[in-house]
There are 2 protein chains.
Amino acid sequence: MSNPFFICRGNIIYAGDRNRLTVHEDSYLVVKDGIVEGIYPVLPEQYASLEVKDYGRGLIIPAFTDLHVHAPQYVQRGIGMDVLLSDWLNQYTFPQEARFADMEYAKNVYDAFVDDLIRQGTFHAAIFATIHREATDYLFARLEEKGLYAFVGKVNMDVHSPDCLCETTEESLRETRRYLESHTSCTTVKPILTPRFAPTCSRELMHGLGKLSREFHCGLHTHLVESKWEAAEALRLFPECRSDAEIYEQAGLLENGPSIFAHVIFPSEEDVRILKKYHGVSVHCPDATTNIIAGIMPTAALQDQDLAIALGSDVGGGHQLAIYRQVSRAVQMSKLKGFYEPENNHAVSFAHAFYLATKAGGSVFGNVGSLEKGYRFNALVIESMEDKGLTLSPEERLERFCYTGDDRNIVARYLSGAAVE
Amino acid sequence: MSNPFFICRGNIIYAGDRNRLTVHEDSYLVVKDGIVEGIYPVLPEQYASLEVKDYGRGLIIPAFTDLHVHAPQYVQRGIGMDVLLSDWLNQYTFPQEARFADMEYAKNVYDAFVDDLIRQGTFHAAIFATIHREATDYLFARLEEKGLYAFVGKVNMDVHSPDCLCETTEESLRETRRYLESHTSCTTVKPILTPRFAPTCSRELMHGLGKLSREFHCGLHTHLVESKWEAAEALRLFPECRSDAEIYEQAGLLENGPSIFAHVIFPSEEDVRILKKYHGVSVHCPDATTNIIAGIMPTAALQDQDLAIALGSDVGGGHQLAIYRQVSRAVQMSKLKGFYEPENNHAVSFAHAFYLATKAGGSVFGNVGSLEKGYRFNALVIESMEDKGLTLSPEERLERFCYTGDDRNIVARYLSGAAVE
């Protein structure tokens with residue numbers, strides 16, 4: 001029988017809530033059967049005979065969570081970033097997604113995407129694929145094989161979409177059913193429904209997806225009030241609804257959770273009411289909403305209304321997969337929002353942003369994204385990042401990593417207590 | 001006698017002006033005595049016997065220019081980024097700069113700073129040191145030794161400064177004179193005057209520096225209208241001036257050029273008139289002015305008024321030394337400025353931002369920052385950065401590098417035609 005214990009030593013940091021980082025300097029973290037058993041300043045007698053992996057001045061932190069990322073757009077990250085949104089979609093994104101009808105192409109891209117997720121320490125993710133079921137199945141299997149935690153969606157689009165990416169309503173529902181039927185056994189990867197957003201889905205499709213949601217008990221991942229155009233267009237197409245969120249509520253898509261909404265930049269009171277009622281998670285993607293000129297999510301204001309928030313890379317609208325970089329960007333964007341909209345408080349502290357990128361986003365997967373007792377030991381070890389002659393606190397070293405570090409500074413990765421090679 | 005020629009082959013890209021990138025695909029670049037002699041689709045007969053360094057699909061681009069960076073703040077990059085500006089200055093920046101009285105400490109930091117400049121491909125820079133002459137001399141010598149192009153300033157502060165960083169007026173002028181006297185021979189590194197900014201310099205000091213400027217024919221590098229507070233405080237302390245820029249004009253500091261002004265976020269018409277008259281360069285530091293909540297430079301508007309603009313990292317207000325990252329950030333911030341101030345055009349294209357980071361900033365050093373005939377071959381080679389199954393144009397690969405690449409993608413560096421090891 002293999003040893004159920006894993007013990008490591010270092011500077012252990014996590015964010016148990018949004019107000020502060022919890023730091024255990026030079027401490028021991030005991031993992032049993034992949035779950036954090038406890039953190040101790042001195043190793044308890046009962047573990048004295050076990051091997052300890054010593055990371056010295058390194059930081060031991062929870063792995064990151066990305067609650068909004070488009071896997072097929074991975075290969076277009078960082079190109080076409082100065083064009084208009086409509087050109088970006090038509091010249092880059094739609095033709096790119098259309099290529100996922102070709103399985104060889106899909107395998108290449110999805111393999112590279114999953115490898116980079118792991119490299120960047122993102123072990124929990126909510127992922128858009130494309131309309132293509134077969135390629136989506138491949139992505140699903142690849143994530144499972146690696147032991148990552150994910151919600152993966154086959155995208156639905158049946159109206160107002162380019163020919164190369166438009167399904168019939170029947171086809172969209174049939175393929176989605178087949179997708180859900182082939183992933184009913186419970187693993188760390190689960191299917192989720194991903195109607196692209198209200199403007200590209202007919203009422204019939206939305207309601208059909210609502211039925212599938214009830215039948216298969218699966219959640220929703222889509223875009224919500226991501227721009228003024230989108231918010232207005234959604235209500236024009238669904239005049240029976242008073243808010244973008246109500247479109248999903250009326251279709252019965254919010255009852256089985258989780259409900260994950262990207263961007264949420266212009267929520268109405270009605271949107272907020274529905275988000276609250278169904279415990280929807282609003283996903284802040286600061287790089288992406290800068291690149292696509294959508295604005296800045298009112299993160300602090302939504303949080304003050306007790307809405308759940310998380311962070312997303314939104315690759316390829318966002319250009320970098322590393323979620324730690326969105327931690328620093330969330331702080332930066334909160335400052336610019338405060339500059340331009342000084343009538344409200346928009347401050348997001350570093351601890352708050354780190355919480356969003358770990359425990360807050362992780363909560364949709366269960367106990368991941370923290371290092372509290374009972375959490376999965378899905379974790380990263382970050383090297384110390386101090387310069388000669390300078391001593392930084394563990395918090396400062398973590399902040400420096402999120403602002404200036406990269407995957408070279410991630411010196412070890414653990415999934416359920418096992419080292420990721 | 002050594003061979004005066006160096007020839008390389010690859011995808012050659014530079015920005016000759018702000019409107020477009022010039023691309024020579026699969027071409028030969030001939031360097032003679034460190035200077036670009038020409039670019040050819042087919043290697044001319046007369047060079048046929050010479051060795052060609054072939055970079056395949058790699059990009060050959062000009063080295064970068066950083067026109068505003070605080071070398072002593074290098075070790076504090078990426079920490080204290082979510083506190084208020086006053087706390088950032090008092091808790092991090094001022095105590096950090098005060099340590100440069102200690103030469104051992106200064107050597108450690110400046111060595112690391114210069115090494116990282118080279119690693120990130122920044123071969124031309126306008127650099128603030130600290131008030132300490134001896135440490136500034138060390139930085140100067142280190143940059144010279146490496147063959148970089150730089151303007152380096154010993155900082156002046158004689159009023160409204162913390163005790164640990166405040167000089168007497170006499171001391172400040174005496175030490176500056178000694179600094180200038182010891183660097184009169186002409187190299188690629190030159191001294192420049194760096195009064196920190198108007199609020200920390202007395203009228204007597206400013207005018208004393210003006211005299212030194214005339215005597216030693218040296219330029220000015222300071223901060224200008226970097227925040228609403230600074231703009232107002234400068235006029236309160238110098239009520240005889242109608243604008244922040246006039247303080248430097250009246251002191252006689254603008255006559256010997258170059259005049260380099262960081263931030264320039266709130267220029268008055270009078271500031272613009274003076275900037276234009278003296279060919280002042282306004283340095284856009286998008287990360288820094290986000291971090292310190294100052295706002296976003298009206299880059300497009302200043303450029304439309306024919307003012308010279310360049311980019312700066314402003315480490316440590318900015319958290320990253322890599323100027324290619326400020327290229328992408330300049331595009332991003334132009335989009336947010338357009339979102340919040342839609343009444344004016346703020347668009348900065350990728351080509352424009354790349355021009356600012358290369359030829360525009362380089363112009364203060366002479367013919368560096370481009371690969372046109374007659375320019376120094378100060379250049380970088382960037383690997384292709386294409387994903388499997390995807391073919392990107394050279395322009396797209398360059399954009400991707402600026403958005404998502406890092407120093408690992410810089411596979412060769414050249415200074416005056418010689419490889420940098």
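The model is predicted. Its largest nonpolar core has 229 residues. Within that core, A:Tyr248 and B:Tyr248 have the most contacts.

H8 of chain A spans residues 269-277. Its buried residues are A:Glu270, A:Asp271, A:Val272, A:Ile274 and A:Leu275. Their cover includes helix H7 (244-250) and helix H10 (299-304) of chain A. Strands E11 (220-224), E12 (259-263) and E13 (281-284) of chain A also contribute to that cover. After H8(A) comes A:His279, with a positive phi near 55 degrees.

**A buried asparagine**

A:Asn378 sits in the loop that runs between helix H12 (350-362) and strand E15 (379-382) of chain A. Its relative accessibility is 0%, so A:Asn378 counts as buried. A polar atom of the A:Asn378 side chain lies 2.7 Å from the backbone nitrogen of A:Ser416. A:Asn378 also touches A:Tyr414 and A:Leu415. Elsewhere in the sequence, its contacts include A:Ile61, A:Pro62, A:Ala63, A:Phe123, A:His124, A:Tyr149 and A:Val368.

**Two chains, one axis**

**The interface**

| Feature | Value |
|---|---|
| Residues from chain B | 51 residues |
| Residues from chain A | 51 residues |
| Buried area | about 4,400 Å² |
| Salt bridges | 4 salt bridges |
| Polar contacts (both at pLDDT 80 or more) | 28 residue pairs |

On the chain B side, these helices each give two or more residues: H1 (85-98), H2 (103-119), H9 (286-291), H11 (323-340), H12 (350-362) and H13 (394-404). H11(B) supplies the largest share of that side, 9 residues. Carbon and sulfur atoms give 52% of the buried area. One salt bridge pairs B:Asp407 with A:Arg408, their closest N and O atoms being 2.8 Å apart.

Terms used. Residues are numbered from 1 along each chain as its sequence is written. Chains are lettered from A and ligands numbered from 1 in the order in which they are written. This is a predicted model: local features need pLDDT of at least 70, side-chain atom pairs count only at pLDDT 80 or more; totals for chains, interfaces and linings use all residues. Side-chain values use heavy atoms; hydrogens and water are left out. Buried means under 20% relative accessible area, exposed over 50%, partly exposed in between (1.4 Å probe, protein chains only). Helices (H or I, at least four residues) and strands (E, at least two) are DSSP runs, numbered from the N terminus. Contact means heavy atoms within 4.5 Å. A nonpolar core is a set of buried Ala, Val, Leu, Ile, Met, Phe, Trp, Tyr and Cys residues joined through side-chain atoms within 4.5 Å. A polar contact is a pair of N or O atoms within 3.5 Å; within protein, one must be able to donate a hydrogen and the other to accept it, and residues adjacent in sequence count only if both atoms are side-chain atoms. Buried area is the accessible area (1.4 Å probe) that two parts lose on being put together, summed over both. A salt bridge is a side-chain nitrogen of Lys or Arg within 4 Å of a carboxyl oxygen of Asp or Glu. Lists of a residue's contacts leave out its neighbours within four places in sequence.
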